[in-house]
Amino acid sequence: MMNKYVLWCNQRNQYYQATNDIKETIKFESLKKVKDFLLEYHNDIDDDFRLALSKANANEIANEFDWEIKNYNGGR
């Protein structure tokens with residue numbers, strides 16, 4: 001079984017695109033997809049910062065913007 005990931009927003013105290021239920025949120029198939037999403041979602045950053053973040057891993061980017069990446073195992 002492959003890992004899937006969900007994003008928790010610490011600022012909003014909720015999963016990305018879900019009210020309270022982890023089952024409602026988008027599941028990412030890889031950490032690369034999480035990283036790509038975070039860079040696209042935070043599109044208001046300047047080019048130098050974007051370049052620096054593009055060299056970081058998904059967890060480092062998530063920490064920078066106060067997100068948490070959580071493993072999703074089908075809700076069990």
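This is a predicted model: local features need pLDDT of at least 70, side-chain atom pairs count only at pLDDT 80 or more; totals for chains, interfaces and linings use all residues.

Q: How are the rings of Phe 28 and Phe 37 placed relative to each other?
A: Two things are read from a ring pair: the distance between centres and the angle between planes. The structure has nine aromatic pairs. In the pair of Phe 28 and Phe 37, the centres are 5.4 Å apart and the planes meet at 50°, so the pair is tilted. Planes under 30 degrees apart would count as stacked, and those over 60 as edge-to-face.

Q: Which residues do ring pairs link into a cluster?
A: Ring pairs join Phe 28 and Phe 37 with Tyr 16, Tyr 41 and Trp 67 in a cluster.

Q: What sits over the rings of Tyr 72 and Trp 8?
A: Here one looks for a charged side-chain end above a ring. The charged end of Lys 27 lies over the ring of Tyr 72, 4.8 Å from its centre. Over the ring of Trp 8 is the charged end of Lys 70, 5.6 Å from the ring centre.

Q: How many residues does the largest nonpolar core have, and which have the most contacts inside it?
A: In soluble globular proteins, nonpolar side chains tend to be buried together. The largest nonpolar core here has 18 residues, and Leu 7, Val 34, Leu 38, Ile 61, Trp 67 and Ile 69 have the most contacts within it. Two or more residues come from each of β1 (4-9), α1 (31-41), α3 (58-64) and β3 (67-72). The largest share, four residues, is from α1. Another core, of five residues, lies apart from this one and includes Val 6, Trp 8, Ala 18 and Tyr 72.

Conventions:
Residues are numbered from 1 along each chain as its sequence is written. Side-chain values use heavy atoms; hydrogens and water are left out. Rings of Phe, Tyr and Trp (its six-membered ring) pair if their centres lie within 6.5 Å; planes under 30 degrees apart count as stacked, over 60 as edge-to-face and the rest as tilted. A charge sits over a ring if NZ of Lys or CZ of Arg is within 6 Å of the ring centre and within 35 degrees of the ring normal. A nonpolar core is a set of buried Ala, Val, Leu, Ile, Met, Phe, Trp, Tyr and Cys residues joined through side-chain atoms within 4.5 Å. Buried means under 20% relative accessible area, exposed over 50%, partly exposed in between (1.4 Å probe, protein chains only).
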